[in-house]
Number of protein chains: 2
Amino acid sequence: MSVQIRQDILAALVAKRYRQGDMLPSVRGLASEILVNPNTVAKVYRDLERDGFLEAKRGSGMLVSHKAESKARSELRTNLQELAGDLIQKARQCGLEGADVHTLLEGLLLEADPASIERSTR
Amino acid sequence: MSVQIRQDILAALVAKRYRQGDMLPSVRGLASEILVNPNTVAKVYRDLERDGFLEAKRGSGMLVSHKAESKARSELRTNLQELAGDLIQKARQCGLEGADVHTLLEGLLLEADPASIERSTR
DNA sequence: ATAGCTGTACTATCGTGCTAGTGCAGTGGT
DNA sequence: ACCACTGCACTAGCACGATAGTACAGCTAT
């Protein structure tokens, strides 16, 4: 859950739904909104501050730092690479190798995301 | 851990390292080999029997059923599709859409698996 | 000042998955 | 018959993450 919340916040940063200088939702507000314990949100915020995404303004809220967006983009991209690595490993376990992996994955991606081929062939 | 063990066994089935009629390693044998508690392996075996991959031969071992390989291939492929779905979702969270997702993923896949491009361009 | 918000800190509880240990029933080679 | 193996079942403990509840320190608008 903590991981999920962190990823959602990073995604919001990348999508510029929160920008430098903005305040994030309060610990209690976000917690009640997503039906999660305040402690869980508080831990995420604390970690995000430790990692330089946020600046804690005691009494007013969590401030989005100036490096937040680029750092978020970087972290999400790293996550993507790890996921891609797992995907390839699993595909290998399926008995595929090299180009076979690549072609199968291409098929799976289109299958899981039909819209992408619509747009890419438009 | 249980998930990992299950996946490894399914992969071995797909790779024909175990075939119909073969006996799997004993619960205690596999457990000591991969440094895991026998109960964990036993649970995996029990689940695999419930799902029709194996047939428990009390006293002698776990027998690979005749549907095992095709079922394993099917399950691993389903896992792949789910992983691909997650990947696409995360890529979207990165701010990408449609064809952008597709081209980025292609790059990531080659990046994470350089060998695949070697083989595919050979 | 004060009331109401903010993040932070702490302990306790619960659920889950893995570990640890023991025992039992069934099979097969000797 | 016997013994070593097999899977299976059960209880207890530990680690980890999330929950629950409370309390404290700092800011801000009224």
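How do the residues of the surface near DNA strand C divide into nonpolar, polar and charged? In this predicted model, the residues of that surface comprise seven nonpolar, twelve polar and five charged. DNA strand C is surrounded by 24 residues, of which Ser26(A), Ala56(A), Met1(B), Asn37(B) and Gly59(B) are the closest. Two or more residues of this surface are given by each of helix H2 (27-33), H3 and S2 of chain A, and by H3 of chain B. H3(A) contributes the largest share, five residues.

At least two residues of the surface near DNA strand D are supplied by each of helix H3 (38-50) of chain A and, from chain B, helix H2 (27-33), helix H3 (38-50) and strand S2 (61-64). With five residues, H3(B) gives the most to this surface. Its residues fall into seven nonpolar, twelve polar and five charged.

Several of the residues named above belong to the strand region of chain A. Strand S1 (residues 54-57) and strand S2 (residues 61-64) of this chain run antiparallel and are joined by four bridges. Ala56(A), one of the residues closest to DNA strand C, stands opposite Met62(A) in S2(A). The two strands form a hairpin with three residues between them.

Chain A is divided into two parts, domain 1 (2-69) and domain 2 (76-120). The centres of these domains of chain A, taken over C-alpha atoms, are separated by 31 Å.

Between the protein chains, 35 residues of chain B are in contact with 35 residues of chain A. On the side of chain B that touches chain A, helix H1 (2-14), helix H4 (68-93), helix H5 (98-112) and helix H6 (114-120) of chain B each give two or more residues. The largest share of this side, 15 residues, comes from H4(B). By class, the side of chain B that touches chain A consists of 18 nonpolar, ten polar and seven charged residues.

Terms used
Residues numbered from 1 in each chain as written. Chains lettered and ligands numbered in written order. Predicted model: local features only at pLDDT ≥ 70, side-chain atom pairs only at ≥ 80, totals over all residues. Nonpolar A, V, L, I, M, F, W, Y, C, P; charged D, E, K, R; others polar. Pairing = 2+ DSSP bridges. Domains from an automatic or database assignment. Near = placed C-beta within 6 Å. Contact = placed C-beta atoms within 7 Å.
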